[in-house]
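Q: Could you walk me through how to read a few features of this structure, one at a time?

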Amino acid sequence: MEPQEEKPIIYTMENKPIVTCAGDQALFTSLYTPLAQQLPREPMEWRRTYGRAPKMIHLEANFVQFKEDLLPKEGNKALLTFPFLHIYWTDCCDTEVYKSSVKEDTTRWQSSLRGHGSADWVIVVVETSDAKKKNKTNILPRSSIVDKIRNDFCNKQNDRCVVLSDPLKDSSRSQESWSSFLLKLRTLLLMSFTKNLGRFEDDMRTLREKRTQPGWSFCEYFMVQEELAFVFEMLQQFEDALVQYDELDALFTQYVLNFGAGEGANWLGSFCAPVKAWSGLLLRRPIDMEKREGIQRGEASLLDLRSYLFSRQCTLLIFLQRPWEVTHRALELLHTCVQELRLLEVSVLEGALDCWVFLSCLEVLHRIEGCCDPAQLAANCSHTVGLWAYATDKLKCLGYLCGLVSDQGPTSEDLNRTVDLLAGLGDERPETVSSLQSPYKKLKEALSSVEAFERHYLELSHAAMEMYRAIGRMRSARLVGKSLAEFYMRKADPDHAESFLQDALRSYVSEGWSLPVTHTRKQIAACQKLLVRTEDYLQTSALLAGDGNLTNEEREHFCQEILTFAGQSTDSKAQKVALSMTAFAQLTQLQFRPATASVHSGAALQVELRLRSLMPVPVPLEQLAASLHFSLEQAGTLGRAKGALRHPNPGIVHFPPGSSSGGPLHSSLAGGPALELDEIQDRSPSDNSLNSAGMVCKNTHLVMRCHDSGSSPDLPNCVSPAPVAMDDGAQMLKTHNVTLLPGDNSIVFTAPSGDPGTYTLRQLCATVGQVQFVLPHIYPLVQYEVYSQEPQLTVEPLTEPLLAGLPQKVRFTLQTGHYSVKKGDALQLSNTDSMPILPPSPSSPCTATILNAASERVGEASLSIQASEKVTSIVLPITPPYHTLEFQLEVLCVIPSGPHRPPGERLTNGEVRHRPRSYSHPDTPMTAIDQRMSIDCPWSIYSTLLALTFYIPFKTKHSLLSAGNRKFIQVCVQNVSDVSFHLTEQHLTEQHLTEQHLTEQQQECSLELQSLNTKAQQLVSSKQCVFCLWEVKWKTCLPACLQCVFSASFSPSAHQTSSFKPYHYDFQLERVTTLYSLRAEILPGTGEQSCHSGTLCGLEVSITRLAEPSEGEEEVEGQGETEGLRTTKLMYEVADSSSSWAVCGKSSGLVSMPLATCATHKIHIEVMPLFAGHLPFPKIQVFKYLPHSALPAIQPDPDSCVENDTLSLLDKALDDQADTASIRSRGSVLSVGSGEQQQRGLPMPRLEPFSPGQVFNHSQGLQVLVLPATDDHVLEVNAT
């Protein structure tokens, strides 16, 4: 039996899910309106399978009368005609009626559903109060009828029977019943959707997995998945519907790509048929049924499939309010279709594809204009400008193809081609018949005549350019302009074409596109030649002649154009054409001879230029000139010392390609900022493994910036730079009749050097007949200097450092400058006692060397040196200007021995000579002495003051040593220089001022300094010391003050002994007499024979006066009397710095010491040894105690005094308790005087230490044996 033919389904956007209604149709009709209105009001959550996110949807339904024909047949996959739910309506309330008719009708209804496998049904029992009143006697309670229905039809599905009470009344019971019924209806309907859609998706997935099997058809699968898209669209889930079409798009695209790779599918053969119609996209219908039926029959072409698929995507995107995505997808679709037709090798009439693309672009633009207002279109032109530009390009291709751009107009062949293209468009669609600006009418009109085509093409081109400019895409705008320029050139209108070509050229040059630059310049040259713009044409020809992208024949042609014009006129007064040199030659290097680029006035200076000719053939130059700018600056008259500072690398100057002297194209390509790249890595947060790596440009804003069209006219990036004319009146470097060969050339100039000053190279000009190639700016800055130098005299040491006390050689350097040393000219040097100038020996006379400006030796002459008491005269040899005179002299700096000041001296200029001051230099341990020298020069009325720094090689120290009453003087000589010396004849003598100052007492106290040094000569190496010792012996008494002089002779160890030089060191010793003797003894405790650790011991200190007080001491110390004896107060202090002893009781105190000789005072202190072994004695110190009324005869050194805040004794009661009071040592907390009293300046007692040698400690260095304690304990010993 033949299957029954299915009726065609009309797909519209008004489709809703079908719900059938059986039973009482009148009852349903009365309830249809409120049911259809209230069903979509409340949203329902739709939970889908496969973990997809739930969504809230509003359910609508198309309620139709139940017919068995509506039930789905086996194999029918049309979801739109599928009834998702079946409802049986009844308001039966009579048992008899139910048994006789309702039950039987319901049974037939269920049997029909069961026969077609439909399990989604519900029975609605409507309860009305009017029916109750009519049949009160014959009816059963309503619950009885519902129970019977549930028992008969809903045994296991009681929820499939719903009661609706008084649905037409406005009561709370009725509303509650409606709410319950609607919720149930939505739930059942949603369950049916989920179940049937899931089954449909599974079937669709199964069908897709069979795509590798023979006989599988993409068109059949397309119809199945589109059915699912229709259902999602019916449920207003437009995003899900769009996903279905995107999946179909991706699947078809993959098959086409595989076909291009050699993996073809049989069903693709239907899409490889020749294209017979190219009417463009149709986006004004929700569904293009004509193309859909062609796909369903398998008769659609590739353009038909793509057009239908995009129209459905466009409709859904408009519903999703994403119109700008439509434009992006459309542009991608148009390019994709062109490529797919090539991959599938589909036969297409020439120009047909251009027509299809043009119509499709305008159709998409009109569709977007229909759903957006003009303000939105203007604000989002960046999304539509691509379609405008593509349509413009395709219309231009059609114009060239149909002969609408040529001057002669279309030929007969062009007209036949135009007729064939218009025939493929077919009839205009009904949707656009009434539109005056439809794409169909525009294309047909544009191809009808030359004027119409020009009007439409210019309209589209200018619209695209304006949009590109509005969004800042200047490159694209200039690309459209270049296309316009080609159109104008075909129309023989070079004036309009050149402006567009110039804009395009600026963009290409600024971005470094080499080949487009060459091609555009050739077009510009053709325009300029037609416009007879000679100067611009010559400049462009020069650029093209030096362009390496052209062939040699083309380059020689453009070069010959320049040479032909240059040789036309022989009139020297004719106006020359000035062109930029950047297109002709490149300045690469400049070299000065001499390399210093600084010469004196009148000297020879050569400048060598390296020019790289960019021309393909040799070019003869009439003249090559460089203009000079002269400036008279102060540095030009001061000499080479300052002039050389301007040229850190003066010999050779290199010009980089990017400078103003660089080539025309290389400079533009090399210009711009360099890429700053950085690495980026994407690592997994869990195990820090590397997922991906890439590079990012950190200065994209500089590299990708869009350059403005208004660039500087004098840059090499421009087509016709405006050169600067040469100034003929300025000083110039010139050379004539030079031939520039292709590549590098060397040209030598002789530079003017007459006037002193700075000469700057500004411009470079090459003259070829009537053409001048001018380089307006030479950068980097190139200068040379002509100087007029004043004579300069410098004195510098021959070796560093200069050592005082030894003859040292110094070099005198005289730079004559502009002065000529004549016969008899001499230098007058002042003589001083501290630094005499040593005359040369007859065996080695002093000679002078004469050098020229290049430091080459040109002569030698002997010097005549004459010395007097105050002046040394040096007669100079004859020396020409700008030469150098060098000679050496020996000087000797006398080492100062003491504070004795010589009488005042004066220099040759009348200034008083100051005594050289010695000071410590921070860079060397040696003491420095600055010596000044005054020199009178014959070229100046003023004296020249020069200074030399000498260093004393020795540091000498002295010390006084005591052994009881015996005194010793030790002198330490340290060699702080880097030279080793021999030291001999060490003597120490007592110094007396004059005989009249010696009193009788001083004569009686004559001293004898007995030397204890055994070696007559000693070697003092670098950084080493030598110690000398003398014992002081006296007859009757030792003087209070000793003035001593240490003298020795020294010589470098490498010299002979005859070159020994004297060395003196003066020093003074005060208070050298030993006043007190200090003895200490440690006694064990009572009943003990030895000291034990932890046991008290006795420390007995004995202080003995050894000498009578002097006069000065009597004034200070003779302040008190004890039992008729003059006494002085001393303070003692016992301290242990090694922490071996603990002082028990008082550790310090005052004692009244008689001033008589051999007077002794004993002090007993208890101490406790803390450790066992040989322990050194505690440190015992004695100080002078000066009461507040005593004034010291000699101001003590503040650093050696005890500060008042550490030990302050104020009141007289403390003086009375000198023997019993316990005074704490330094650092103690005890302070008798308050800070407030100290601030008021009250007189305070203080302590003054004795000078070295005044107190002799006999116990210093002694040790005492301390035994360990007798207690038994564990002794831990660590052995390492």
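This is a predicted model: local features need pLDDT of at least 70, side-chain atom pairs count only at pLDDT 80 or more; totals for chains, interfaces and linings use all residues.

Q: Which residue meets the side chain of Glu486 in a salt bridge?

A: The general idea comes first. Side chains of opposite charge can pair when their charged atoms come close. Here the partner is Lys482, with 3.4 Å from N to O. Lys482 and Glu486 both belong to helix 17 and sit four residues apart, about one turn of the helix. Lys482 is buried, because its relative accessible area of 8% is under the 20% cut-off.

Q: Where do Arg475 and Glu511 lie?

A: Arg475 is in helix 17 (residues 474-490) and Glu511 in helix 18 (residues 494-511), so this pair ties together parts 36 residues apart in sequence. The two form a salt bridge whose closest N and O atoms are 2.1 Å apart. Arg475 is partly exposed at 33% relative accessibility, and Glu511 is partly exposed at 26%.

Q: How many salt bridges does the count come to?

A: The count comes to 47. One of the salt bridges joins the side chains of Arg285 and Glu431, at 2.4 Å from N to O. Arg285 lies in the loop between helix 7 (238-260) and helix 8 (289-297), and Glu431 in the loop between helix 14 (412-423) and helix 15 (439-446), so the pair ties together parts that are 146 residues apart in sequence. Arg285 counts as partly exposed at 24% relative accessibility, and Glu431 counts as partly exposed at 28%.

Q: How should I read two packed helices, and at what angle do helix 1 and helix 5 pack?

A: Two packed helices are described by the angle between their axes and the distance between the axes. For helix 1 (residues 25-38) and helix 5 (residues 172-209), the angle is about 65 degrees and the axes are 11 Å apart. Their crossing is right-handed. On the helix 1 side, the contact has Leu31, Pro34, Leu35 and Gln38; these meet Trp178, Phe181, Leu182, Leu185 and Arg186 of helix 5. By type, the residues of this contact are seven nonpolar, one polar and one charged.

Q: And aromatic rings: how many pairs does a search of the whole structure find?

A: The search finds 43 aromatic pairs. Tyr88 and Trp109 form a tilted pair, with 5.4 Å centre to centre and 45 degrees between the planes. Tyr88 lies in strand 5 (residues 83-90) and Trp109 in helix 2 (residues 95-115), so the pair ties together parts that are 21 residues apart in sequence. As a rule, a pair of aromatic rings is described by the distance of the centres and the angle of the planes.

Q: Are Tyr88 and Trp109 buried or exposed?

A: Both are buried.

Q: Which residues form one aromatic cluster?

A: The cluster is made of Trp216, Phe218, Tyr221, Phe222, Phe252, Tyr255, Trp267, Phe271 and Tyr308.

Q: One last stop: where is Gly567 found?

A: Look in the loop between helix 21 (552-566) and strand 8 (577-580). Gly567 has a relative accessible area of 56%, over the 50% cut-off, so it counts as exposed.

Terms used: Residues are numbered from 1 along each chain as its sequence is written. Side-chain values use heavy atoms; hydrogens and water are left out. Buried means under 20% relative accessible area, exposed over 50%, partly exposed in between (1.4 Å probe, protein chains only). Axes are lines fitted to C-alpha atoms, for helices over the stretch in contact, and angles run from 0 to 180 degrees between N-to-C directions. A crossing is left-handed if the near helix is turned anticlockwise from the far one by less than a right angle, and right-handed if clockwise. Contact means heavy atoms within 4.5 Å. Ala, Val, Leu, Ile, Met, Phe, Trp, Tyr, Cys and Pro count as nonpolar, Asp, Glu, Lys and Arg as charged, and the others, Gly among them, as polar. A salt bridge is a side-chain nitrogen of Lys or Arg within 4 Å of a carboxyl oxygen of Asp or Glu. Rings of Phe, Tyr and Trp (its six-membered ring) pair if their centres lie within 6.5 Å; planes under 30 degrees apart count as stacked, over 60 as edge-to-face and the rest as tilted.
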